[in-house]
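Dear colleague,

I am handing over the structure below, and I would be glad if you could look through it before reading my notes.

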Amino acid sequence: MTRDEIKDVILEIIEDIDEEADFANLDADAPLRDQLDLDSMDFLDIVMELRKRYKLQIPEEEYPQLATLASCVNYLEPKLKNV
Amino acid sequence: MQQSIESQRVVITGVGLAAPGAANLTDFRANLLAGTSGITTIDLRYMGTYPAGICEFAETRYRKKRENSRGTRAGCISVYCANEALNDAGIDFSAYDRAATGVYIGLTEHGTVETENEVYNIGQYNNDVNYWTHHHNPRTVLNNPAGEITMNLGLTGPHYVIGAACAAGNAALIQGVQMLRLGEVDLALCGGISECVGSFGIFASFRAQGALAEHIDPTKASRPFDRDRNGIVISEGGCIFTLERLDRALMRGAKIYGEITGYAMNSDAKDFVLPYGPRQRQCMELALRRADLQPSDITILNAHATGTKQGDIEECNAIRETFAECPHTWINNTKSSIGHAMGAAGVLELAGNLPSFTDHQVHPTINLENLDPECALPGLVAGIPKQLDQVDAILNNSFGMLGTNSVVIVERFVAK
C-alpha cells in the first residue's frame, strides 16, 4: 500500500467508528485524540480493525506510534508494503 | 423526625416503553385494546425462523449511532425508555437533583447475546482470542443497561440491576419504592429491559424444554390459556417508570398514573423451571395485605400467563383460589399480544394496563380460541375489551425461573 492509501484506510476506520468525524482541518502531525472525539476504547477499535483487515498484531508498547496520522503512516508503511 | 404520610406514598408519574408493535404508551394501549398482536418472526443463527417480538423505536433520538454501536441492545432500549419516561413525566431536573436519582433495572439475564456474538466472531479467526473485543466486559457487566442510562443522562445517584428472572421488572419497581420510602433517593427510574431475542441459546433452551411456541401464523403463536398453546414467544422490550414520593410529585404538579400501594416477593424453593401455584397465591395474598385490600378490591388482575402448559394451569389455580368470591375482578394477560419480554414483562404489562384508570377498559387476552378448562376463570376478559364504570386497583403478577414470584398492586390515585 502507498502512504496515501494507508492514510485513507486510517481515516476510513475512524469514520466507521464515528460517522460525524470531521477531517477538514486535521493536522497530520498532531495527536488524533486531541483533534477528534476518540477515547481509549475507540483507539483499541482502530487496532482491532487493523488486525482483522491485515492480520497485523500490534504490540501494546508500540501503540504510541499510532498517535498521529503521520506517525500511523510511518509505522504502518513497512508492515503494509506487500498488501 | 416524623415523616408525613405523603412522603411514604409512591406514585408513577412517567412511562417510557418499547414493546413489540409500539414505542409509546398511547400506541401500546391502542394495540392492546384492538387485540393487535405485535409478534412477527426472527431468523436466528443456528435456529432458523421462529415467532418473536421485535421492537422498532427511534434508536438515535437520545444518543448517537456511535454510542449504540459501543453499547448493548439492552443499553439502547434502556436509554430510549428512560428519556421517554422523563419527558412524559415532565422532569427536567430543575426540581430534582441528578445525585438523588436512582436507576433500578430488572433483568432476566444479560450478556448472553454479547457472549454468543463474540464466540461466533472469533470462530471466523480460528478461535484466536486476540480477536475477542475489548468491549466485551463493559457490555456484559450486569449493571450495563442501568449504567448506560446514567452516562446518557448524567445521573450520579446509584444505579444497579436486579436479577429476578422474569419477575425482574416488578422487582426493580419494588426496589424503587423501597429506596424512595427510605429517603435514599428522591426520584427513581425503575423498570425492566430485555434484549434476549438476539440469543439463539435462549430460544434453543426453551425449545429443548418443549416450551418454545410455534405456529404457522406468528401473531397466533402466543396463546395463554388456550387448549392448543405450546409455549413461550420470546420478545425484546423495555419499560421504565419515573417514581416519585407523593409530596414531591404534588409539589411540582405532576401527572399521576397511579399509586403503588402493595407489593410482595417470595420463592417457591422447589424447582428450577416449574412454577408452583400455592406459593404464587401466598405472594398475591401478601401483596393484598400490605396494600390493606381484599381480593374483591382488585379490579384488574394481569396474569403472568406465559403460554406454557403447566405454568398457566398453576397460576390459574392460584388465582381461582384467592379470587373465588370476586365477581367484579377482571382477569387479562398481555403476553398474548406482545409475547414474553422476560425482564421487561412485568413492567410492560403493568404499563399496558395503567390507562384503564382513565379509559375504564380492561384490555383482552387474545388468541383464545378454545379455552383450556383448567384455565377457566370467571372474570377472564377474552377477545374484546371489557368496559367498566371505574377501575380502582390493578394487581400485576410476574413469576420467574428458580421459583421467584413478584406481585405489584397499583391503585387509582385518590388524594387522602
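What follows is a short account of a sheet, a pair of helices and the contact between the chains.

This is a predicted model, in which local features need pLDDT of at least 70 and side-chain atom pairs count only at pLDDT 80 or more, while totals for chains, interfaces and linings use all residues. Residues are numbered from 1 along each chain as its sequence is written, and chains are lettered from A and ligands numbered from 1 in the order in which they are written.

Chain B holds an open sheet of 10 strands with mixed pairing, in the order β5-β4-β6-β8-β1-β9-β15-β14-β10-β11 (strands are DSSP runs of E of at least two residues, helices runs of H or I of at least four, numbered from the N terminus; two strands pair if DSSP finds at least two bridges between them). Its edge strands are β5 (159-163) and β11 (330-333) of chain B, each of which pairs on one side only. Within the sheet, β1 (residues 10-18) and β9 (residues 258-267) of chain B pair in the antiparallel sense over three bridges, and Val10(B) stands opposite Ile260(B) in β9(B).

Helices α3 (residues 73-89) and α6 (residues 144-153) of chain B pack with their axes 8 Å apart, at an angle of about 50° (axes are lines fitted to C-alpha atoms, for helices over the stretch in contact, and angles run from 0 to 180 degrees between N-to-C directions).

Finally, eight residues of chain B are in contact with nine residues of chain A, contact meaning that the C-beta atoms, placed from the backbone, lie within 7 Å.

How values were computed
Two residues are in contact if their C-beta atoms, placed from the backbone, lie within 7 Å.
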